[in-house]
Amino acid sequence: MNKLHWKIGAILGLLILSFWLLYPTVEWYTKTPDERAKLEAVRMRPKRILNLGLDLRGGTHLLLELDVEKLGKKEQLNDAMSRAIEIIRNRIDQYGVGETPISRQGERWISVDLPGISNTEEAENLIGKTALLEFRLVNTSEAAQAVVSKAENMDGSPFNKDGSLIPEIAKMMPKNTILCKAAAGEEGDRARYYVLDATVPVTGAYLESARVETDRQFGTPSIGFTFNKEGGRLFDQFTGANVGKYLAIVLDGVVHSAPVIKTRISGGSGVIEGQFTMQEARDLAIVLRAGALPAPVNIIEKRVVGPGLGEDSIRKGLRASLAAFLLVVLFMIVYYKGGGFIADVALALNFVFLIAAMSYFNATLTLPGIAGMILSLAMAIDANVLILERMREEMGLGKPVAMVVPMGYDKAWSAILDSNVTTWIASIFLFQFGSGPVKGFAVTLTIGLLIGMFTSVFVTRAIYEFWLTSNPKELSI
Amino acid sequence: MIRILHKTNINFVKLRYVFFAISGLVTLTGIASLAIKGVNLGLDFTGGTMMQVKFDKPVPIGAVRSALDAAKVEASIQSFEDENAFAIKVKGTQENVNQKADEIIGALKTIKDASFTEEKRDYVGPVVGRDLAKKALFAIILSMFGIIVYVAFRFSNPVWGTAGVIGLLHDVFVALTAMSLTNREIDLVIVAAFLTIAGYSINDTIVIFDRMRENMRNFPKMPLAELINLSVNETLSRTIITTMTVFITVLVLFLFGGSAINNFAFCMLIGTVTGVYSTVALCTPMVYQWERRSHK
């Protein structure tokens with residue numbers, strides 16, 4: 001075995017490895033959409049495959065911002081962020097969407113991708129609810145009643161835009177109380193308010209489960225919940241100490257009901273009643289089960305691609321790319337003959353290696369990603385043009401074939417290296433665009449350039465050397 | 001052997017003032033266009049809402065316009081006639097994610113005898129827009145800086161690196177000018193195109209610089225003008241062929257790639273042409289201009 005054998009062996013080995021890495025991707029995308037959906041739903045989606053970006057398969061991208069100002073004082077931002085991500089993941093999982101990449105971006109942003117979903121109203125409601133459940137005592141003192149009647153008979157809202165109380169109301173509030181709006185009743189009703197104790201004896205953090213229950217008589221939905229052991233104990237103590245008083249059930253700052261505590265409630269379960277539709281009740285049960293967000297989140301970016309547009313752009317983009325690819329391949333063979341053919345073989349290998357590498361890294365292919373791929377392939381062709389032109393020059397000087405090949409490579413190398421590195425410098429700064437189409441471009445271009453250097457220099461040279469061992473005098477370029 | 005170019009002997013150095021004048025003119029056009037027309041910044045940077053809808057039958061753009069006017073939605077409308085589709089954009093600061101989109105949908109529902117489906121919807125909040133603009137600017141500045149450093153290091157001559165970067169800036173500026181003149185929108189994808197043009201432009205320049213470096217070693221006594229002309233002419237057929245392959249590729253994408261990558265392809269098309277021009281006609285004569293002065 002000489003050096004050349006090793007080179008050829010390494011190339012063939014890489015090719016086999018690539019096919020092996022490609023197999024899951026090919027297998028996945030030859031399944032029917034229904035089969036894929038079924039497998040995704042049960043988390044059977046293969047790990048190491050090439051993903052299609054939302055612009056190609058349709059879907060929704062959401063960017064959420066955690067409202068840090070409403071975070072508890074003691075809470076660390078990092079903890080809150082990871083908890084928020086965890087909870088959002090839980091909620092979406094219950095919704096049954098399948099693979100949904102959720103990741104932190106920057107300081108306080110969370111990126112959520114919902115592939116295949118373009119009607120996002122439900123999903124947005126599900127994600128956007130803070131779902132902070134609190135049980136508070138209603139303050140029924142005279143001062144409190146005065147506040148309530150004043151607030152209910154006002155023309156405007158008793159709250160400022162930022163959620164604080166207007167001064168007129170604020171100075172009437174009894175000590176250690178807060179004012180809460182009641183859930184909207186039937187239309188046309190005036191807004192109603194409650195004055196509640198500031199201390200929160202029990203919260204939704206102690207919930208073990210929540211489910212939709214329907215009233216036997218009227219069929220109206222409500223949400224039944226069960227506390228865990230500690231929550232049950234706290235609730236038992238709390239209700240025991242406050243028999244005869246009103247208990248407000250507050251969800252995200254809105255009082256949903258305020259029944260009177262008739263007896264001590266042990267056993268740790270209860271019901272939230274209110275004017276829910278079936279859908280609302282179901283969503284509420286989900287978010288209560290998944291837990292409360294540490295602070296509210298706001299949607300600050302949303303991008304939706306309908307399924308039709310995705311298919312259309314993938315078809316057009318792919319067809320055009322394929323046509324361009326074939327044109328270049330053809331041109332190389334016509335212009336450089338044998339040398340062009342070898343460059344084309346390298347190009348094909350480049351393509352296979354690139355897709356295999358992207359599958360292995362579980363990368364996402366977007367439309368700009370395809371553009372990046374094409375550009376990296378063009379760079380690989382450029383490297384071969386550089387080499388071939390050098391070889392032609394050396395041939396023109398009348399050098400023997402055995403010298404033309406190594407001279408061509410040696411002289412072209414510095415230009416190939418420098419040009420690839422500079423393009424690479426430009427592409428690497430695009431990685432900072434956390435996610436989305438531009439990152440797709442950066443990924444394919446960066447990987448593509450590395451692989452392109454390998455195939456257009458190492459692989460083609462091995463092929464020439466292999467050719468020259470049996471035909472030392474002939475070179476068709 | 002097929003050859004596009006046989007041995008050429010064009011005196012690029014002698015023609016340099018013509019080239020400088022052409023580039024000066026183009027740059028002035030660009031400055032004028034940017035000053036008068038400005039650039040059409042996309043939603044990515046301005047923030048706002050974009051909706052693309054497809055009707056089930058042909059609807060005149062006037063009907064869409066008047067429906068939106070009636071609902072008091074101030075929007076720009078782009079029509080894709082062969083597809084019965086419209087892109088409706090409301091740029092600017094919007095705090096609420098679905099508000100504008102709902103207004104648009106409400107307005108479009110008033111159009112009689114035609115129903116539509118939503119194909120695409122983008123909402124970019126004000127914070128995100130600013131953030132993306134900042135990142136794009138950083139990406140461009142940092143990569144230019146990285147390229148200068150690398151080129152200066154590889155050629156151990158700051159004049160060459162600077163000439164290369166001026167060529168690159170020239171090309172990106174020309175592409176920007178073309179975008180401004182044709183009123184095409186600049187979004188994140190176009191930023192990617194700018195960076196690719198930058199990479200390509202410097203790539204071409206480096207190939208010629210590389211040849212100049214080599215010829216300097218081989219013919220240490222050759223006058224600079226002759227050396228530059230020799231190097232550019234020697235690499236000319238490679239420059240043309242490479243550019244042609246890229247140009248064909250991008251042209252096909254431009255003509256048949258569909259609306260989603262049309263702007264990107266257009267930008268690249270301009271970039272490849274000006275990339276070759278700047279390398280051959282700007283960067284190398286510039287090196288001559290500066291080096292000659294410093295030797296005097």
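**Strand 11 of chain A and its surroundings**

In strand 11 of chain A, L251(A) is the bridge partner of L133(A). This is a predicted model, in which local features need pLDDT of at least 70 and side-chain atom pairs count only at pLDDT 80 or more, while totals for chains, interfaces and linings use all residues. Residues are numbered from 1 along each chain as its sequence is written, and chains are lettered from A in the order in which they are written.

Student: Which strand is joined to strand 11 of chain A by five bridges?
Tutor: Strands here are DSSP runs (E, at least two residues), numbered from the N terminus, and two of them pair if DSSP finds at least two bridges between them. Five antiparallel bridges link strand 11 of chain A to strand 5 (residues 133-137) of chain A.

Student: How many residues lie between strand 11 and strand 12 of chain A in their hairpin?
Tutor: These strands pair in the antiparallel sense over three bridges, with I249(A) opposite S257(A). In the turn, D252(A) has a positive phi of about 50°, and the number of residues between the strands is two.

Student: How many residues of strand 11 of chain A are buried?
Tutor: A residue is buried if 20 or more other C-beta atoms, placed from the backbone, lie within 10 Å of its own. On one side L247(A), I249(A) and L251(A) are buried, and on the other A248(A) and V250(A). The strand, residues 247-251, is mostly covered, and the buried count is five of five.

How values were computed
A residue is buried if 20 or more other C-beta atoms lie within 10 Å of its own, exposed if 12 or fewer, and partly exposed in between; C-beta atoms are placed from the backbone. Helices (H or I, at least four residues) and strands (E, at least two) are DSSP runs, numbered from the N terminus.
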